[in-house]
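The following note comments on the structure shown below.

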Amino acid sequence: MPDKIRTILVEDNDVRLDRYIRRVFPNLKQSVIEKSLRKGLIKVDDCKAKSSDRVNPGQTITLKYLDYIEDINSERKYNEKLITLLRSNILYEDEYILAINKHSGVIVQGGVKVKISISDLLDQIREGETFKIVHRLDRDTSGVIIFARNASIARYLMEEFKERRIKKIYLALTSGVPSKDRGVINYPLIKKYISGQEKVIVDENSPNKATTHFSIISKLEHNVTYLKLQPITGRTHQLRAHLAHINCPILGDGKYGGKKAFVDGVVNQIHLHSYSLSLRLPNGKEVTITAPLSEHIKQSIDTLGKPIVSIQPGGKIKSRQGMLKR
């Protein structure tokens with residue numbers, strides 16, 4: 001990483017840190033300043049700071065790795081595309097929450113090798129608001145994700161998720177057919193490093209109980225199954241690990257399914273979709289938010305022989321096999 005460093009001596013009195021930085025670097029976007037402060041690339045008197053901190057004469061603002069910060073800023077066109085994508089895929093909003101249909105490939109939470117994620121743009125989806133993350137979807141999982149409008153609602157929703165009062169329905173295509181049309185996968189899970197890669201695997205001695213309900217919507221060509229999934233617990237990679245363990249890995253999920261997860265003629269993306277979330281809002285209102293199936297999953301269903309499927313209100317899924325209830 002480049003090591004260009006710029007030090008600014010503060011000359012004005014009682015000014016917000018972010019505003020002072022923008023005076024010196026007018027082309028730096030607010031989101032870039034926020035991200036750089038979180039990463040410790042911008043410091044005040046060699047200490048981490050927040051954008052809302054006030055600075056005064058005699059203090060120094062240090063911008064470390066300025067080349068890197070400017071490189072982040074140069075990505076603003078991509079940022080704007082992602083903001084537009086998020087805004088155009090809003091499924092539901094009220095005084096408490098915002099729900100978005102997350103596309104496959106969009107990252108929810110940033111990391112060391114992640115240049116941009118939804119978490120970096122939470123203050124740009126709606127002007128004057130900064131949304132809060134209350135749950136996550138994997139990078140390659142599409143579908144419904146909700147955000148809280150403030151910290152108190154975020155705490156409420158995280159407790160609802162923790163107590164399993166929020167009902168989640170997923171749809172998936174798997175390579176392989178379960179032995180039963182419907183059933184329960186009830187194996188405890190644990191994280192382990194295998195060949196230098198962190199994975200979630202079944203471990204009967206693990207205290208981390210994990211339960212997934214499943215039902216077959218339709219059986220397609222090449223031994224592919226269209227499944228409805230309801231995770232009762234919310235373990236990391238639970239659906240991926242559970243389905244791989246019963247020899248029905250999710251299509252495109254080479255991490256857990258190996259070669260079996262890939263079928264000729266089908267796009268090599270993970271075929272897992274967060275179809276619906278049902279929850280009770282703080283005012284007692286119950287809502288169910290649904291997201292249309294992602295394009296690559298629809299294409300794969302067409303390629304493998306489209307079943308007669310319609311998803312009815314209340315979560316009933318109608319297919320050639322009949323009506324499958326939650």
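1. Which residues of helix 1 meet which residues of helix 2? Leu17, Asp18, Ile21 and Arg22 in helix 1 are in contact with Gln30, Ile33 and Leu37 in helix 2, contact meaning heavy atoms within 4.5 Å. Helices here are DSSP runs of H or I with at least four residues, and strands are E runs of at least two, numbered from the N terminus.

2. This is a predicted model, in which local features need pLDDT of at least 70 and side-chain atom pairs count only at pLDDT 80 or more, whereas totals for chains, interfaces and linings use all residues. Residues are numbered from 1 along each chain as its sequence is written, and side-chain values use heavy atoms, with hydrogens and water left out.

3. The protein has eight helices and 21 strands. Of its 326 residues, 48% count as buried (under 20% relative accessible area; exposed is over 50%, partly exposed in between; 1.4 Å probe, protein chains only). Among contacts between residues at least 6 apart in sequence, 62% join residues at least 24 apart.

4. Helix 1 (residues 17-24) and helix 2 (residues 30-38) pack at an angle of about 120°, their axes lying 11 Å apart. Helix 1 is therefore oblique to helix 2. Axes are lines fitted to C-alpha atoms, for helices over the stretch in contact, and angles run from 0 to 180 degrees between N-to-C directions. Angles under 35 degrees count as roughly parallel, over 145 as roughly antiparallel, 65 to 115 as roughly perpendicular and the rest as oblique.

5. An open sheet of four strands has the order 1-6-3-4, with antiparallel pairing; two strands pair if DSSP finds at least two bridges between them. Strand 1 (6-9) and strand 4 (47-48) are the edge strands, each pairing on one side only. Four antiparallel bridges link strand 1 to strand 6 (residues 60-63), and isoleucine 8 stands opposite isoleucine 61 in strand 6. Helix 1 packs on this sheet, touching strand 1, strand 3 (42-44) and strand 6, and its direction makes about 110° with that of strand 1.

6. The largest nonpolar core has 29 residues, of which Phe147, Leu229 and Leu272 touch the most other members. Such a core is a set of buried Ala, Val, Leu, Ile, Met, Phe, Trp, Tyr and Cys residues joined through side-chain atoms within 4.5 Å. Several elements each supply at least two residues of this core, including strand 10 (142-148), strand 16 (224-231) and helix 6 (238-245). Helix 4 provides the largest share, three residues. Not counting residues up to four places away in sequence, leucine 272 touches several residues, among them Tyr170, Leu229, Leu239, Ile250 and Ile297. A second, separate core of 19 residues includes Ala154, Phe161, Leu277 and Leu281.

7. Strand 13 (residues 189-194) and strand 14 (residues 197-202) pair in the antiparallel sense over six bridges. Isoleucine 190 has isoleucine 201 in strand 14 as its bridge partner. The two strands form a hairpin with two residues between them, and serine 195 in the turn has a positive phi of about 55°.

8. Glycine 105 lies in the loop between strand 8 and strand 9 (132-133). This glycine 105 is partly exposed, with a relative accessible area of 31%. Leaving aside neighbours within four places in sequence, glycine 105 is in contact with Arg139 and Asp140. Glycine 105 and arginine 139 are 34 residues apart in sequence and 5.1 Å apart in space, C-alpha to C-alpha.
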